[in-house]
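Good morning, and thank you for coming.

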Amino acid sequence: MDTHIKKVYVPMTETGFYILLCLQEMNHGYGIVQKVRELTDQEIILTPGTMYGSLSKMEKDGLIRFVREEDKRKLYEITDLGREVLDIEQKRIERLYTNMKEMRK
Amino acid sequence: MTDTKTVFRFFTIFAYRKEEVFLTEMHQKGWRLESVTFPGFYHFRKCEPCKAVYRLDYNPGSKDDNAGYIQLFSDCGWDYLFDFCGYSYFCKEGESDSHDDEIFCDDESRLDMMHRVFRRRLTPLIILFCLVMVPMFLMYTLRSDSPARDFLSFEMLILIAVYLVIFTVSAVHLCRYEIPASGNNKNVRIKYIGIFTLLAAMFISTVTVFCIANRSEYEVKDTSAGFIIEADRLNCSVTREYDLKRGDIVIFEEHMDKLVHFEIRESGKDAVFYCNFQLNGPESYTIQNDGHYRIKVSARRAAGIAEVTVR
């Protein structure tokens, strides 16, 4: 994986992480907003400026790909590179979680 | 009382936050934003005073997917108003909880937007600064006879040419669109004739000024013992050939306002003498071998008298 991708996406922002997580199934921007709202019990509400910017950036960097358009909404899905980034992120979060469990009484 | 109102406000490109606050306050006072015109006229229409939030996004790159861009915002409850100077204006009416009235939810994406503003708006200014302001400064500050001056003057010529080409191409594009759209309106045609005449005049005058500045105006007088150059503007080199003997002395003297170069070269060989000087008295060289010599005097945009004497 090239250093630019590592530098920008490891560790990921919460927004970036949820976008990649959701795009394991094909979805559009607003679909991701709804999905994340549901997953986090209304805790995280992604905003359109952030969503549009992140999707454009991730598409440009090859983490996700544009599939087709439906009712003016662009549908995206994750790429192999995106999965690789998500794997790294998963390991990082697992480590954080284990360390926290060990250290916190 | 009229139901429209225009307010003049000027916000710098990075002050979009202040602009958002201003628009939000106007709406609360019962004025809904209708449009913005250059350089900062905000046109409002009267409405019921109510809570509304205004937000600005800078995303000129989204234009090839404008429908999708607006759709995403409208799905999230934002009304798209219009674009002005690269910024897209969004409004959300009614009460809403605090994290729902932002269009950016993390610092990173907000910073990304600032970067987009910076790249699109400041990069042209920085290019202009580096290519125009800095060279201008150097040109006025450096020694007037510095060789950098020639380079800079040439660079400026190229820049002006590039600008004129950009203006011309833009005018041609606009003209092709506007003349048929106006139904061959006479005033529109006259406007474009005026624009193209002006562009041509600018092009011709720039080239003329450049040519005149680089053209030489001088007179060479051959004397029994050498030659004298009287120049209003010397932009080239003057060469004379002499058969000289060992022991002959060549004396250079000059009264010019710029650096002058003198050179003695034996035919087909390297220069035996070379000097650059300005108003510091005569300089001389004694010939070492008999032979056929070329004596060369050269300068750039120099005025005054230069004299070569052989004894």
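**Cysteines, a helix and an asparagine**

B:Cys50 counts as partly exposed, because its relative accessibility is 26%. Please keep in mind that what we are looking at is a predicted model. B:Cys236 is also partly exposed, with a relative accessible area of 25%.

As a reminder, a disulfide is a covalent bond that joins the sulfur atoms of two cysteines.

I turn now to helix H2 of chain B, which covers residues 66–75. Which of its residues are buried? They are B:Gly68, B:Tyr69, B:Gln71, B:Leu72, B:Phe73 and B:Asp75. In chain A, these buried residues pack against helix H3 (29–39), helix H4 (48–60) and strand S3 (73–78). In chain B, they pack against strand S4 (52–58) and strand S6 (87–93). Just after the helix, B:Gly77 adopts a positive phi of about 95°.

Finally, let us consider A:Asn27, which is located in strand S1 (residues 27–28) of chain A. Is A:Asn27 buried or exposed? A:Asn27 counts as buried, because its relative accessibility is 16%, and the cut-off for buried is under 20%. Leaving aside residues up to four places away in sequence, A:Asn27 touches A:Ile32, A:Lys74, A:Leu75 and A:Tyr76.

Methods. Residues are numbered from 1 along each chain as its sequence is written. Chains are lettered from A and ligands numbered from 1 in the order in which they are written. This is a predicted model: local features need pLDDT of at least 70, side-chain atom pairs count only at pLDDT 80 or more; totals for chains, interfaces and linings use all residues. Side-chain values use heavy atoms; hydrogens and water are left out. Buried means under 20% relative accessible area, exposed over 50%, partly exposed in between (1.4 Å probe, protein chains only). Helices (H or I, at least four residues) and strands (E, at least two) are DSSP runs, numbered from the N terminus. Contact means heavy atoms within 4.5 Å.
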